[in-house]
Amino acid sequence: MSQNLINANPTIYNTKTFVRKETEAEFDDDVEDAIDSQEVFDLIRSISDPEHPLTLEQLNVTQFDHIVVDNEINKILIEFTPTIPHCSMATLIGLCIRVRLLRSLPDRFKVDIRVRKGTHQSEGAVNKQLNDKERVAAALENNHLLEVVNQCLATASLRGVEVSN
Amino acid sequence: MPHLELLATLEGHQDRVWQASWHPTKTLLATCSGDKTVRLWKPATHNNFTEWHCVETLEGAHKRTIRSVAWSPTGNELATASFDATTGIWENDPRDNDWECVATLEGHENEIKSVSWSSTGALLATCSRDKSVWIWEVESDNDFECLSVLQEHTQDVKMVAWHPKLEILASASYDDTIKIWKEDDDDWYCADTLEGHTSTVWSLDFDAEGEQLVSASDDKTLRIWKMYKPDNEQGVITHNGEPTWKTICTLSGYHDRCIYSVSWSKVNGCIASVSGDNSIRIFEKDSDTTDPDSPNYKNTSTTKDAHGVYDINGVSWYPNETHGDWLSTVGDDGLVRIWRWVKD
């Protein structure tokens, strides 16, 4: 067991287990359901933190309010909040979010992932790296790193529903 | 209105295509991809340019993505730069028209991003995420000697491109700068650092004479730089007897996302750029502006969704008069497209 955790004692937040309310229109095959921020949040809320057996939602790293989806221009902006301003896991967490969305969203979306303004001391560097697709591609060819990412994503399909404490 | 007409779509790569390179004299295109192969493409017949075939697949030499591919000036060799930290040199065996990897250049610490041959074919340059630019001397019998390791960029180096006539190299980096490299008595040094872009410089290309270059950046702009020699009559300050490169035109407000590649036609003088916003844009010099130190470029055509909803990673004008109006583009959709530039 590693004794050198970056943030050994993080604050745990109550997950507002708000689940999408099903509407009439969602069962109507003639109505096109646009992808909204709830859908995107559901995709990423249950990604595991790299060092704690907790989800990004439980650590308040991802928040519903910090996701903007524009279906008209196929653009998504996700801001996440590292648990501490010097978190060295920030790039890895952002990479996990990116990979999750690469694997689950339609190709038409252009996704920008950023650290929430003012929440990390290397904000600019983290943002630049996460949005350089060549470096993301190279990172994903690194088997060790891919394994770590896949571990964090193993719980992603819970979509906030079965969050355990 | 000027526009691009789609001539052909080349299907075959199994992953995103990163770059395309035209053979210097033949109607032959090399493309490289995340599927770890290079493919060579040729029209089905000598006069039907709407149907192309993959005539050769170069594979087996690289363990990871091939990011860049470049023909030697004679077109007898190909160089491939890979994320596996090696550069491959491929040669055609005319007896059975087969391509073989005849040399592997090692030394970079991690991903190689770009490879380029000098105009005479005597030198090869590579650059890497390890922040360095390497210059190799091409010797006989597929021997390559590393002449210099240049480590002045402070970040990942994205692209290297040689001057069209002289042994001058330009490199573009994640550190937002471009550097110009020259040789002095076997010693390579940085002769100028071009500052102005506010994010990663992904690509650059010289004009036909090598007096100007265009650069493309994540800051969504293109910049045109001009070389001013010492004692120039415009009064541009130079240092240490070296020419200074200065921005004479910035093209902004066109692309909505990162510009991944730019190509300056050596035949018609047009600049083509491609972007993460899925579009190809063509810029032409405005003939009404006569001041050579402050030219005006007009965006005369825009092809939206040129690879559907996908990012376009590379653009390349045909290098000579034969098909000077042709342009190739490659995208995240794994496709290669060939376009014809129609003026009216």
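This is a predicted model: local features need pLDDT of at least 70, side-chain atom pairs count only at pLDDT 80 or more; totals for chains, interfaces and linings use all residues.
## Strand 23 of chain B and its neighbours

Strand 23 and strand 24 (residues 280-285) of chain B run antiparallel and are joined by four bridges. Four residues lie between these two strands in their hairpin, where Asn278(B) takes a positive phi near 75°.

Strand 23 of chain B also pairs with strand 22 (residues 259-264) of chain B, again in the antiparallel sense, over five bridges. Within this pair, Ile271(B) of strand 23 stands opposite Trp264(B). The hairpin formed by strands 22 and 23 of chain B has six residues between the strands, and Gly269(B) in the turn has a positive phi of about 75°.

## An open sheet in chain B

Four strands of chain B form an open sheet in the order 1-29-28-27, with antiparallel pairing. Its edge strands are strand 1 (3-10) and strand 27 (312-317) of chain B, each of which pairs on one side only. On average, neighbouring strands of this sheet are turned by 25° against each other, direction ignored.

Seven bridges link strand 1 of chain B to strand 29 (residues 336-342) of chain B in the antiparallel sense. In this pair, His3(B) has Val342(B) of strand 29 as its bridge partner.

In soluble globular proteins, nonpolar side chains tend to be buried together. The largest nonpolar core of this model contains 35 residues, and those touching the most other members are Ile47(A), Ile78(A), Ile97(A), Leu101(A) and Leu105(A). Elements of chain A that give two or more residues to this core include helix 1 (37-44), strand 2 (75-80), helix 2 (90-104) and strand 3 (110-115). Helix 2 of chain A gives the most, with eight residues. Leu101(A) touches Val40(A), Leu43(A), Ile44(A), Ile78(A) and Val111(A), not counting residues up to four places away in sequence. Apart from this core lies another, of 16 residues, among them Ala138(A), Val38(B), Leu58(B) and Phe83(B).

## Helix 1 of chain A

Helix 1 of chain A is largely enclosed by the rest of the structure, because seven of its eight residues are buried. The buried residues are Ser37(A), Gln38(A), Val40(A), Phe41(A), Asp42(A), Leu43(A) and Ile44(A). Strand 1 (67-70), strand 2 and helix 2 of chain A are included in what covers them.

## The interface between chains A and B

The contact between the chains takes 26 residues from chain B and 16 residues from chain A. The two chains bury about 1,800 Å² between them, 42% of it on carbon and sulfur atoms. On the chain B side, Tyr174(B), Arg257(B) and Val309(B) lose the most area to chain A, together 34% of what that side buries.

How many salt bridges are counted between chain B and chain A? The count is eleven. Lys113(B) and Glu134(A) meet through their side chains in a salt bridge, at 2.9 Å from N to O.

Technical notes. Residues are numbered from 1 along each chain as its sequence is written. Chains are lettered from A and ligands numbered from 1 in the order in which they are written. Side-chain values use heavy atoms; hydrogens and water are left out. Two strands pair if DSSP finds at least two bridges between them. Axes are lines fitted to C-alpha atoms, for helices over the stretch in contact, and angles run from 0 to 180 degrees between N-to-C directions. A nonpolar core is a set of buried Ala, Val, Leu, Ile, Met, Phe, Trp, Tyr and Cys residues joined through side-chain atoms within 4.5 Å. Buried means under 20% relative accessible area, exposed over 50%, partly exposed in between (1.4 Å probe, protein chains only). Contact means heavy atoms within 4.5 Å. Buried area is the accessible area (1.4 Å probe) that two parts lose on being put together, summed over both. A salt bridge is a side-chain nitrogen of Lys or Arg within 4 Å of a carboxyl oxygen of Asp or Glu.
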